[in-house]
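Subject: Structure handover

Hello,

Here is the structure we talked about. Please open it alongside this note; my findings follow below.

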Amino acid sequence: MPQQDALANRSDSTAAPRPTSDSGGGAAATAGATQPADSRRVVGYLLWPEADDYIAIMDVLEASVTDLSGADIAASLAAAGRELDVRTVESRLDMLTEAGAVSARSDTSRARRYVELLARNWRYTASPTGRQVHRFWRTVLAGTPTMREIPIASLNRVVTNLETLAASLGAGPADLARVDAACVDAAGIAFTSHDDLDTALVGAEDALTGLADRFDLDDEATAELKGLLVDYASRVATELDTGSARAASALRTLSAWFPALADAAVSASQARELIVAGTLSASRGGRVEDWEGLVDWFDPSTGRAARFALRLVRTLPSMHANLRRLHSSARTASSRSRALSLARAVLTPDIGVQVFQAAVGDHSWRKLYGEADEDDAGRNPSWRGGPQVPVPTLLRTQGRSGPRGRGAAPRDDAGTRAEVAAARARREAAHSAAVAAVLAWSPGQQLPEPAARAALAALMTAARAGVSGPRRTGAAGGLACTLIHTGTGIGAIRAPTWSVLLPGRIPLFHRLGQRPAPQALAVLSDLTPVADPGGRVAITWNHQPGPTTVSAGDSQEGAA
């Protein structure tokens, strides 16, 4: 790394070498250290243990237009009420310099003697990246964020100018000569208004998410969420939906003009030479990517407005959950608390009777969900003496009828219970017969359909069981199956319409806790069991019974 002053770099043997100024990138590196590949380390000072000291130092550097020494920074901190000695300030500045938030240079302009060249004459300033990080901390992260008003007027300006451009240029082939100063001005106003709209909408989404993700909102916060959703965000979502559709239509018309509009914006800029040379970046609208980003923002299905409306819909259940919780936990929500409140109100000497009648009286607007047409029935008419109200159709067809008093006796369902018991007995008898057929089965024979299905259920259970030597054992419905691994031979279960083959394994069926029948064990007389390697069991399923051949394409593996 180049050194500005060899004497200064050899000056203080007890101090670490100081970094030189870094005017290009803002991320300074100490002598002997490598410069960070990106600027992510700059934000680290916000998380360090002495973050308050670092933030206070960055406040002083960010507010200063000139480079400051460690003593100048310590004096500014003391004037602000934070006492830090110069050595501590210099230590903090060393850490900020290593992170890239601060740039430092050796100040020899005031040196008059040789000894002053050997002293620590470093002066500090915030690097460009450090200034951006610190402004982000002050404007976004610090304090309580307040939701900005979503500027519908900015949306109107964006839509109006885009539609003006679409009407002026049309959907024909792009011609740079047709893009005049009025078109450039309209594009600039559209992008400027869009920046304002996007910033406010992002803040509104953050506020909406922060309120919706909390279930423990109090009365005030829940009222804020309800007002935000019902009174404001719903109207904004409607305006954004309509405006996005119009803007998307205008941008589709202008899609062929994006390169011409970007070139015209760069040509009309006062810094055109610097933009072409790459020293400066063009303002929004000077690149084709800016226009494509505008298309994505106003996309009716996946754009920012659509996402805002979707977030609004997802927030409604959270609001309802908070409202129900507040109503159920409040003092005036339970029946007992309401009855006690009514009793206290009725004790009022002058209007107690009226309060009681108003609370428990028969009101016309509550009677059968209808409202009486007569208005001269008095304040609190009785049920019998009040006006007639037609009964709604749904109440007439679905409402409960019958005399008041004790409810009707439950119907006699003894016959239904007998039918269910008989069906259950038939199923148990059929299953017992199927199990008996499987136990009497000899390998190679065809089983009836119910017996084959019972055997298949026990076989699948055994295929998923653990391995014990050459065996796997499982049971289902009172029938057990043991799979013997032989490595040769093919076990099979054959039904009238399907068959199952097990290459290298022989199934033996038996009662749970008993040995298989002798006719089942006879199939192992010519085979030697070997240790099961574990893993999955290969099973071949054939929809039509056939010879015991293995088809690799039809095999299915059961979990071991």
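Helix α17 (residues 414–439) packs against helix α18 (residues 449–463) at an angle of about 75°, and their axes are 8 Å apart. Helices here are DSSP runs (H or I, at least four residues), numbered from the N terminus. Axes are lines fitted to C-alpha atoms over the stretch in contact, and angles run from 0 to 180 degrees between N-to-C directions. α17 and α18 are therefore roughly perpendicular to each other (65 to 115 degrees). His431, Ala434, Ala437 and Val438 of α17 meet Pro450, Ala451, Ala454 and Ala455 of α18; contact means heavy atoms within 4.5 Å.

This is a predicted model: local features need pLDDT of at least 70, side-chain atom pairs count only at pLDDT 80 or more, and totals for chains, interfaces and linings use all residues. Residues are numbered from 1 along each chain as its sequence is written, and side-chain values use heavy atoms, leaving out hydrogens and water.

Next, the core. The largest nonpolar core has 37 residues. Such a core is a set of buried (under 20% relative accessible area, 1.4 Å probe, protein chains only) Ala, Val, Leu, Ile, Met, Phe, Trp, Tyr and Cys residues joined through side-chain atoms within 4.5 Å. α8 (181–212) is one of the helices that supply at least two residues. The largest share, nine residues, comes from α8. Phe298 is among the residues with the most contacts inside the core. Leaving aside neighbours within four places in sequence, Phe298 touches Leu155, Val158, His194, Ser244, Ala247, Ala248 and Leu251.

Best wishes

Conventions: Parallel < 35°, antiparallel > 145°, perpendicular 65-115°, else oblique. Buried < 20%, exposed > 50% of the residue type's maximum accessible area, 1.4 Å probe, protein only.
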